[in-house]
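Please read them beside the coordinates.

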Amino acid sequence: MIGYLQGEILDLYPKSILVKTGGLGYIVYVTEHTLTGLIIGAEITLKTHLVVKEDALDLYGFTS
């Protein structure tokens, strides 16, 4: 289970971000509110929740 991520924002997408941490890149789904004000290259810390589905593993991130 991934419960926490801290790393550099590599890319921003309409509903998610790409976070580089420990040599890996994680696509993390975030709310529009969380996306507001984020910039590529900035450091971010997220509490996360991993949703396991039959056909996907979706990681959701929260700043608080």
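1. T34 sits in helix α1, which covers residues 32-35; helices here are DSSP runs of H or I with at least four residues, strands are runs of E with at least two, and both are numbered from the N terminus. T34 is buried at a relative accessible area of 12%, where buried means under 20%, exposed over 50% and partly exposed in between, with a 1.4 Å probe and protein chains only. The side chains of T34 and T31 make a polar contact of 3.0 Å. A polar contact is a pair of N or O atoms within 3.5 Å; within protein, one must be able to donate a hydrogen and the other to accept it, and residues adjacent in sequence count only if both atoms are side-chain atoms.

2. On provenance: this is a predicted model, in which local features need pLDDT of at least 70 and side-chain atom pairs count only at pLDDT 80 or more, while totals for chains, interfaces and linings use all residues. Residues are numbered from 1 along each chain as its sequence is written, and side-chain values use heavy atoms, with hydrogens and water left out.

3. The chain has 1 helix and 5 strands, in the order β-β-β-α-β-β from the N terminus. The radius of gyration of the chain is 11 Å, which agrees with the value near 11 Å for a compact globule of 64 residues; it is taken over C-alpha atoms, and the globule rule is 2.2 Å times the number of residues to the power 0.38. The C-alpha trace spans about 35 × 25 × 20 Å along its principal axes. Of the 64 residues, 27% are buried.

4. Strands β1 and β4 pair in the antiparallel sense over 5 bridges, and L5 has L46 of β4 as its bridge partner. Pairing requires that DSSP finds at least two bridges between the strands. β1 also pairs with β2, again antiparallel, over 4 bridges; D11 is opposite L18 in β2, and a hairpin of 3 residues connects β1 to β2.

5. The largest nonpolar core contains 10 residues: L5, I9, I17, V19, V28, V30, L35, I44, L46 and L59. Strands β1 (4-12), β2 and β4 (43-52) are the elements that each supply two or more of these residues. Such a core is a set of buried Ala, Val, Leu, Ile, Met, Phe, Trp, Tyr and Cys residues joined through side-chain atoms within 4.5 Å.

6. S16 belongs to strand β2, residues 16-21, and is buried at 6% relative accessible area. Beyond its neighbours within four places in sequence, S16 contacts I27, V28, Y29, V30 and L35, a contact being heavy atoms within 4.5 Å. By the same exclusion of neighbours within four places, the contacts of I17 include D11, Y26, L38 and I44.

7. How many salt bridges does a search of the whole structure find? The search gives 1, with a side-chain nitrogen of Lys or Arg required within 4 Å of a carboxyl oxygen of Asp or Glu. K53 and D58 form a salt bridge, with the closest N and O atoms 3.0 Å apart. K53 is partly exposed at 40% relative accessibility, whereas D58 is buried at 12%. D58 lies in strand β5, residues 57-62, and touches Y29, H49, L50, V51 and K53, residues up to four places away in sequence not being counted.
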